[in-house]
Amino acid sequence: MGSCKNELELYPEDALSDPSFWKTDQDLELYASRFYTNLPGAMGPGADNQSDWYVSNSPNGYLFGTSVVPTSGGGWSNGDWYNIRACNYFLRNYSRAKGSQTKINKSVAMVRFFRAWEYFNKLKYFGELPWVNTDLQVDAEQLFTARDSRQVIADSIVADLDFAIANLPAAKEVKSGELHKYAALAFKSRVCLYEGTYRKYRNIAGWEQLLQKSASASQEIIDSKNYSIWNNGQPATDYTNLFLQEDLSKNSECIMPRIYVPELLMHNNTRQLEESFTGLSKSAVESYLCKDGLPIGLSAQYQGDQLPVTELENRDPRLLQTIDNPKLPFKNLENGTIQYRKLPMIDPQYCTTGYYVMKYHSPDPAQWNLGLSTLDVFIFRYAEVLLNHAEAKAELGQCTQAVLDQTINPIRDRVAVAHLKENVGFQDPNWPAYGYNLGALVQEIRRERAVELVGEGFRWDDLVRWKAGKLIENPKTVLGIRVTDALKSQYSSFNKELDANGLIKVYPQLAQRKWNDKMYLRPLPIDQLTLNDKLTQNPGW
Amino acid sequence: MAAILLGSVHGQQSSAADLQNYVNNMQQVIIRGKITDTQHNNLDGVSIYYEGSSTATKSDANGNFQIQVNTKTHGALRFRLIGYKETRLSLDGKDFYTVQLEPETKVLDEIVTVGYAREKKINLTGAVASVDAKVLEDRPLTNLGRGLQGVIGNLTVGVGNGAPGNGSSFNVRGLTSVNGGGPLVLVDGAQVNPNMINPADVESVTVLKDAASASIYGTQAAYGVILITTKKGKEGPAKVSVQSNVSVNSPLRVPQYVNSWEFVNFHNETNKNSGGGDYYDQNYMDHVYAYFTDPRHNLPVFLDPANPNKYLYAGNTDWIAETRKKTALMQNHSVSLSGKSDKVNYYGSAGVLDQGGFLKHYDDRYQRYNLNLNLSAQLNNWLEVRMKTKYNHAFRNTPYGMNSFGLEEGFYGADLRPLMPVYHPDGTFSGQGSWTNMVALQEVSGNRKHKENDVWAGGGFTLTPLKNWTVNMDYNFNMYSINKKYHGKEILESTANPDIVTVYPHTTPSRVQYTNDDNYYQNVRAFTDYALKLDKHQFKFLAGYDYEKKTYRWFNAERLNLISNDLASLGQAIGEKYNNSGERANATMGYFGRINYNYDDRYLIELNGRYDGSSRFPTNKRFVFFPSVSGGWRISNEAFFKGLKTHVNELKVRASYGDLGSQSQGGDYPYIPIMSTNGEMGYIVDGKRITSVNPPDLVSPNLTWETIRQFNFGLDFAILNNRLNGSFDWYRRNTLDMITSGTPVPAILGTGVPQSNAADLKTIGWELSLGWRDRKGDFSYGLSAILSDNKGTITRYNNPQGSIWSHYPGKVWGEIWGYETEGLFQSDAEIKEHADQSKVYGGTWHPGDVKYKDLNGDGEISEGKGTLADHGDLKIIGYNEPRYAFGFRGDMAWKNFDFDFFFQGIGKRDVMPGGNQFWGFTSEWSVPFKHALDAWREDNRDAYFPRSSYDNANGNRKTQTRYLQNAAYLRLKTLSIGYSLPKQLLAKAKIDRVRVYVTAENLFTVTSLLNIYDPELVDFGKPPLFRSFSFGINLTL
């Protein structure tokens, strides 16, 4: 304790700093792993609330046109760009580390995958973006540049993914939960399908190549024969059980799982799904085919919707396995009995429409405990890859029966619904009016996608890329079950407002939704436009 | 202090009794005399001490006294009476003396503690204010801060909240820096946490406000210094003093939730207004109504028709009444032994505070124990050694609550629907996972226990090699540890079906967590001073060095799944283990010097300089020099003032100017790019949670000290025979080179802009204090008042776009931007005619929604670009910073009675409240308070609140003039009446003094703030402040 000035030289004793990091390939792997948590986990009941398929208790402000240009934030704040910076910081520094080139490349591939992941989310949200490929310093001129075109962004995302595909290990060579080549391929098929169809329906050049890339990526996964639709020959329960798996890492349909383990890491899906504050819309339920592969408007199997139970009869068995009904176990009680529910739930807290979504809901009371759900969830599911493939092929005009038999029909086989034929074979009077001509085959592939992937968070993206915003104007997208007087009398009391056809009006006080094309892209916040006058606002905002 | 040692005991008998004692003990000489004041009024109750012995007596009602002495020709007597100067009388052989006591010029003659010295207040040149222990005595204080509120101008005390053990925070002279920063608080020279010490041990508190007076404390004194001096032994025999206080506390503001029937109807109304239908169906409403009107014959639950496993709730619970007690008990006791014998001066004390909280189902408690020993010894004429030790121990116990809870949760809960009963019909707790049952949380959730140990040891010596030359050295050492143990139990969760029993939300898995903080502080300080007097020239020189280092080390260990829910130990759990630790340090070093010059007690000059270094800055930016100068002119000592002196007893003007540095911003290592790690990420690879490393934030290599430059002008005076005295100070404080984020750049940077010394601000303020003291016969009284104000303005800030949501040059601190409200829309036609409000809320506007004024007349309501150039219809509607802080105090004594009062308040402050506590329903989970029912309806068109809805919440609830609240207040902080027992009753028991008193704190408040809020605590998440009635006794042996 002298007057020596070294007494003031103090350094942290509990933290790493930049000069002391970046030594070995293990450092790189440690750093690259930080991005895993950005991948989706258990989504709860609200994943598709912002769409025509779900009707949440609180009206979705965005779809009702109540959103305004934000002052700041709105998805474009420092924090929103943090992960991209974190990727770029790695990419500028990784070469300082020594070690196995394969391991180094694997970490670089991971980081580039995650940069693509971040950029894809931003592309969907804002459209054009500045492409940033280094960790900018405060004096960087690039901070003040204009947005790059969708082409530049999409090409850069694809380049990142191609590097990832080339340098990530195969699925069999990684530990459970780790990123691998086929996950990157699955993501590429998704990204390219998104951007390809987005451009096709807006006459932007390059869509064919993108759809081709999507189809090739999914083809490579199919050809690998690593994966297959999980089918135990139980069409009445396989679909429901697929989403109630404790361990997905060995599941034939799982390309990449998000793993949950008791105590270590758990989620809250079952409880949240029970208190869902939402419900499937009438228009969504009417989209389900009958078992004979015909839509309800054409099929002789359809029993009508006079009673909730008849509406579900003879339908695509995924309907019975997706929404609550008297045949779907609701709760396995401790005394060994199984509880079913006779009447559709209509209550703002549980279900708004009477179509109470039970996909991912476990009847096991242990899974209902708050924050103690341990069921794994899918990050990439093979069924999506097959649907991507069929759609890309169909949009390119290359979807043959062979393609369908490799993609859509195995999915239908699991639930024993009649196969989809190349020529479809019917004209559904209730096909959604997209506002443009659409071939029967693409109509049916879109239907199949919606039904199979319900509640998994794809629907809004699909509406956007299909330029299908108008679908939210269909009154049935905010209506629920038909409540006849006979049904009403079975409830101890009933005070929901019904429309002229006896369907539950979820928003009796609100006018019909009006679509505005500006809603395809989000507005940029005012503060960013002020800080950089080369940034332009998205159209219509 | 004086009030404890002295008292106004009168009566011939007591003197006679005293005399008898002395006569019995020894055969000695008796001296007599008479005591008057300067106007020849007889003074009774004057304490008379015979120097060098334990002999003492008091004067009687006629001012007469007699006292026994050893000899008539040697020695001296001392006379003490409150309100008068202590007077010494040398014996010169007479038998009878006439003594005149001069009234005390309380403030101006006072000796105050300043930097490394004690100085007469009248000779100070800086802005210094001080108070003695009187303001702290006989009050049920939980900590020192609460006793200092409103007693010193521009010393702002944040009283925190009403949780047991909650501490106070301090600010001197308002806005310091955009980074915050507070005064340096020193207890006997060391950085003791003032919330941990026993207020009864405090002798005096001095606040050094301006740069010149604070500068000697350097590195951490930029925003003022609070010097707390603890008691030392006083000359005379050993004294034992006992202070005891028991108080009954009750919460100041208790909000009232709506009842069940109001709730369901309001909920339905709101849901419909939000675009939905009724929230509760008819069946539900019937059950609620039945129980509401006839709780005796109806159940507060019924089976959910859609789910027979579940109850639906239809009760009518007043959750405030169920979870909170109306009163809580607090006790405060301390005992001290002090004195000075020969060359040894000693003061030792022990104190205990035991404060109960307001939770009804848990023994919520704070306990603090203080031990204190101050010793000093004059070994010979050139060496004094001293030693100080303190041991403070505190214990806090609260319920565990939930995993997300902290120690000071209000336990009100945001979603306490009146519908939920406390218990199900079978006696189990209600809740069913959807709601939080606060009674269950209090009763069976486990506990959070904190133990604090705060040990101070210090020692030092003063060498006096030559007359007027001293060399001082002190060393202080502190070990502070806080040990936390959290025991979270699983709470079983019942449903209507006895077969479905799960675990209560957020309480699972059960867990035990230990956290240990181990902090060390050490401080070496050495200085030497020399005083020189040459005729009328007086010089004082001081030079010194100090070094302070703080090291922090902590770790925590947590384990899940207790084997037994009731046994919390790391070894008695079987689940996951988590642990973490940290280790940091910072240090400062400074060399300082001071020169004082005093010419003939008329002209006073002081020069200060410091050369300071801090570990927080890079090596080449580490050391900076800070100078200051101050001067004073005692006009009343000038020859030309002689004629005025009879009217104006004292008059002094003074001014100071100087720089100080601040270095406490941006953490301990703001210039080192740290890569933080996270050991437990939420993703599993190969059966384990992954670890991650984060990129470093951008750092600037050029960070250096913030400079605080302060100019102060002051005036001190005493008039009317020293009965009225006062001082006034005006100051300007410029905080220069504040460390802030640099120029904002577009968000694609992806991280915060690195910090740089890039902003300035200016604070201008003043403080006035006045005191009056007088005596009329038996009646003596004093009044004092303080009034102070300050206003901060940003003068430099990196905000080239002029965004109003950031700081900008010219921004007045605390300004609130908002819309001007024209009222509530009454019809659709009115909405149509009015300016377009769709940029505020894009959905449909309805009658009952808020109508904003189109200030810029562009036909739409918007915030424009949110810049100074284009802020649309926003304007500055008020200021959140408190202005015009005042305090008014009075004390009176008549015979054996004394009486005190103290008012305190804020003259001007605006607050924009928010949250569901103010607005009612902000989501379907909210539970409104009663006041929110006054919402717009067709049949309530002149309502205060807009149409209740969730959907247009953002539009209606913008910051705006209509709902801005005036938070100015006046509060009667203290009202106290005391009675001292007559001396004759005590003489036989050899008790010097007994005083009993009752005190009320926070008795009433005048404010126009909405009555759910406390103007000192506009926050519902925290326990409310409390009113207390206390009874106390002081006893001196």
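**Entry 1: the contact between the chains.** I started with who touches whom: 95 residues of chain A are in contact with 106 residues of chain B. This is a predicted model, so I looked up the predictor's own scores for the complex too: an ipTM of 0.93 and a pTM of 0.76.

Next I wanted an area. The size of an interface is often given as the accessible area lost when the parts come together. Here chain A and chain B bury about 8300 Å² between them, and 61% of that is on carbon and sulfur atoms. Which three residues of chain A supply more of its buried area than any other three? I found Leu8(A), Leu10(A) and Leu264(A), which account for 9% of what chain A buries against chain B.

Entry 2: Glu9(A) is paired with Arg622(B) in a salt bridge, and their closest N and O atoms are 3.0 Å apart.

Polar contacts gave me another number: 20 residue pairs between chain A and chain B, with both residues at pLDDT 80 or more. I then checked which elements of chain A supply at least two residues each to the side that touches chain B. They are strand 1 (16-17), helix 1 (25-32), helix 2 (82-93), strand 2 (254-258), helix 12 (365-368) and helix 19 (526-531). Sorted by class, that side of chain A has 50 nonpolar, 27 polar and 18 charged residues.

Entry 3: In chain A it pairs with strand 33 (residues 674-675) of chain B, antiparallel, over 2 bridges.

**Entry 4: a run of strands in chain B.** I stayed in chain B and went from strand to strand.

- Strand 23 (residues 446-466) and strand 24 (residues 469-488) of chain B are antiparallel, with 19 bridges. Arg448(B) is opposite Tyr486(B) in strand 24. The hairpin of these two strands has 2 residues between them, and Asn468(B) there takes a positive phi near 70 degrees.
- Strand 24 of chain B also pairs with strand 27 (residues 511-534) of chain B, antiparallel, over 20 bridges. I found Trp469(B) opposite Tyr530(B) in strand 27.
- Strand 27 of chain B goes on to strand 28 (residues 537-560) of chain B, antiparallel, through 24 bridges. Asn516(B) faces Phe555(B) in strand 28 as its opposite residue. This hairpin has 2 residues between its strands, and Asp535(B) takes a positive phi near 55 degrees.
- Strand 28 of chain B is joined to strand 29 (residues 577-599) of chain B by 23 bridges, also running antiparallel. The bridge partner of Lys540(B) in strand 29 is Asn596(B).

Entry 5: Over all chains the count comes to 82 salt bridges. I picked one inside chain A: Glu29(A) with Lys106(A), closest N and O atoms 3.7 Å apart. Why does this pair tie together parts that are 77 residues apart in sequence? Because Glu29(A) lies in helix 1 of chain A and Lys106(A) in helix 3 (residues 101-126) of chain A.

Entry 6: The mean pLDDT of chain B is 86, and 95% of its residues reach 70 or more. Reminder: where pLDDT is low, the predicted coordinates should not be read in detail.

Notes:
Residues are numbered from 1 along each chain as its sequence is written. Chains are lettered from A and ligands numbered from 1 in the order in which they are written. This is a predicted model: local features need pLDDT of at least 70, side-chain atom pairs count only at pLDDT 80 or more; totals for chains, interfaces and linings use all residues. Side-chain values use heavy atoms; hydrogens and water are left out. Contact means heavy atoms within 4.5 Å. Buried area is the accessible area (1.4 Å probe) that two parts lose on being put together, summed over both. A salt bridge is a side-chain nitrogen of Lys or Arg within 4 Å of a carboxyl oxygen of Asp or Glu. A polar contact is a pair of N or O atoms within 3.5 Å; within protein, one must be able to donate a hydrogen and the other to accept it, and residues adjacent in sequence count only if both atoms are side-chain atoms. Helices (H or I, at least four residues) and strands (E, at least two) are DSSP runs, numbered from the N terminus. Ala, Val, Leu, Ile, Met, Phe, Trp, Tyr, Cys and Pro count as nonpolar, Asp, Glu, Lys and Arg as charged, and the others, Gly among them, as polar. Two strands pair if DSSP finds at least two bridges between them. pLDDT is the predictor's confidence in each residue, from 0 to 100.
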